[in-house]
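Work through the exercises below with the model open. Each task is followed by its solution.

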Amino acid sequence: MNRREPLGIAVIGAGRMGADHVRRIDRVVSGARVTAVVDIDAERARAVAAGVDGCTAHTDPAAAMAAPDVDAVLVASPGPAHEAALLAAFEHDLPVLCEKPLTPDAASALRVMEAEQALGHRRVQVGFMRRYDAEYAELKALLETGRLGRPLMLHNRHRNVAGPSFFTSAMLISDSVAHEVDATRWLLGHEITAVTVLCPTPSSGAPDGLRDPQFVVLETDGGALSDVEIFVNCGFGYQVRAEVVCERGTARIGEGHALVTDEAGHWGGAIAQDWTDRFAQAYDDEIRTWVDATRRGEVTGPSTWDGYAAAAVCEAGVRALEEGGRVEVDLVEKPALYR
Ligand SMILES: NC(=O)c1ccc[n+]([C@@H]2O[C@H](COP(=O)([O-])OP(=O)(O)OC[C@H]3O[C@@H](n4cnc5c(N)ncnc54)[C@H](O)[C@@H]3O)[C@@H](O)[C@H]2O)c1
Ligand SMILES: O[C@H]1[C@H](O)[C@@H](O)[C@H](O)[C@@H](O)[C@H]1O
């Protein structure tokens with residue numbers, strides 16, 4: 001593409017993430033502008049588009065993508081709507097930043113991957129923003145030096161203050177643990193081969209019937225184990241922590257001790273309350289990197305293969321949750337486009 005003009009972006013889904021990405025493209029990132037905002041809720045699309053000069057509001061993603069001032073698409077609608085948006089973007093051969101999950105299940109992710117292969121080139125970056133977080137990047141760089149030896153275990157903690165009212169027990173895995181699935185694959189460079197899920201008696205802070213928290217164990221083809229505590233109604237804060245145990249040492253991130261005070265007989269600091277706080281810089285860097293790469297005509301970052309692998313692992317995780325026991329992950333052979 002290699003362009004001087006700002007990249008024209010259509011943002012699909014003007015909810016919490018979509019509106020935040022519109023603000024980011026408009027005010028934080030250079031080299032791009034939001035030319036269209038799409039939401040099935042016309043009023044929401046209008047309200048978000050109204051905040052950006054020259055931006056139009058739409059309810060139909062396909063119509064918005066056909067506009068001549070749209071060069072790229074950012075998908076921030078709910079997961080079940082991603083497949084249709086991605087296939088519409090492919091029809092116009094547009095580059096896409098697709099929020100996680102790529103799609104909610106392996107079969108739909110596979111359809112997207114096949115459609116991208118039919119184009120003959122990569123078009124999609126999946127919104128696994130932890131790869132752009134400074135702490136995660138430092139941890140990965142350390143592991144790559146080999147200083148600590150071979151990674152044996154990765155312990156992850158993922159806590160949200162309160163899950164949305166529509167959250168199901170399966171969504172703790174497909175919507176939330178999806179991040180640790182990607183982080184495990186990316187940090188260790190392994191594929192995940194099997195999933196086991198154990199649940200304690202649910203927290204009294206969780207809505208009736210929701211299995212929250214859950215303990216998820218991921219086995220990898222490199223012989224490592226990665227465990228995830230997912231607790232979406234912990235009530236006290238947003239915490240994402242990881243500790244890698246290697247043969248000669250350990251490394252951990254997400255302690256969140258940026259500012260610690262000693263005061264009136266106590267010491268303490270603040271706990272982030274949600275992802276927009278904890279990962280603010282990561283989202284900025286993710287979108288900036290995507291815009292820069294797209295302007296150069298390149299596609300970088302988490303690929304459709306990564307989105308598909310995460311969907312397949314999460315699907316196995318949901319089966320393990322619902323049926324019990326250890327469920328193996330069944331991945332197709334990695335297509336040449338993603339090697
Ligand atoms: N990377 C992260 O940390 C992170 C954080 C939160 C959400 N997300 C992801 O971002 C996406 C959006 O989440 P959210 O929290 O903003 O949800 P949200 O419910 O706040 O917003 C979704 C919006 O999409 C609209 N919508 C629904 N179906 C649509 C369709 N077919 N076409 C166009 N618009 C449609 C809804 O009306 C709503 O305005 C999800 O995929 C979610 O998993 C990622
Ligand atoms: O959609 C959100 C988002 O992906 C957050 O990063 C995660 O912490 C939440 O658990 C999930 O529900």
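**Exercise 1.** State how the chain is divided and describe the side of domain 1 that touches domain 2.

Solution. The chain splits into domain 1 (7–130 + 281–303) and domain 2 (133–277 + 311–338), with bounds from an automatic or database domain assignment. The model is predicted: local features need pLDDT of at least 70 and side-chain atom pairs pLDDT 80 or more, while totals for chains, interfaces and linings use all residues. Residues are numbered from 1 along each chain as its sequence is written, and chains are lettered from A and ligands numbered from 1 in the order in which they are written.

Taken over C-alpha atoms, the domain centres are 26 Å apart. Domain 1 gives 20 residues to the contact and domain 2 gives 17 residues; contact requires C-beta atoms, placed from the backbone, within 7 Å. On the domain 1 side, helix H5 (106–119) and helix H9 (280–295) each supply at least two residues, and H5 has the largest share, 5 residues. Helices are DSSP runs (H or I, at least four residues), numbered from the N terminus. This side comprises 11 nonpolar, 4 polar and 5 charged residues. Nonpolar means Ala, Val, Leu, Ile, Met, Phe, Trp, Tyr, Cys and Pro, charged means Asp, Glu, Lys and Arg, and the others, Gly among them, are polar.

**Exercise 2.** Is Gln-281 buried or exposed?

Solution. Gln-281 lies in helix H9. Gln-281 counts as exposed because it has 12 C-beta neighbours inside 10 Å; the cut-offs are 12 or fewer for exposed, 20 or more for buried, and partly exposed in between, with C-beta atoms placed from the backbone.

Conventions. Contact = placed C-beta atoms within 7 Å.
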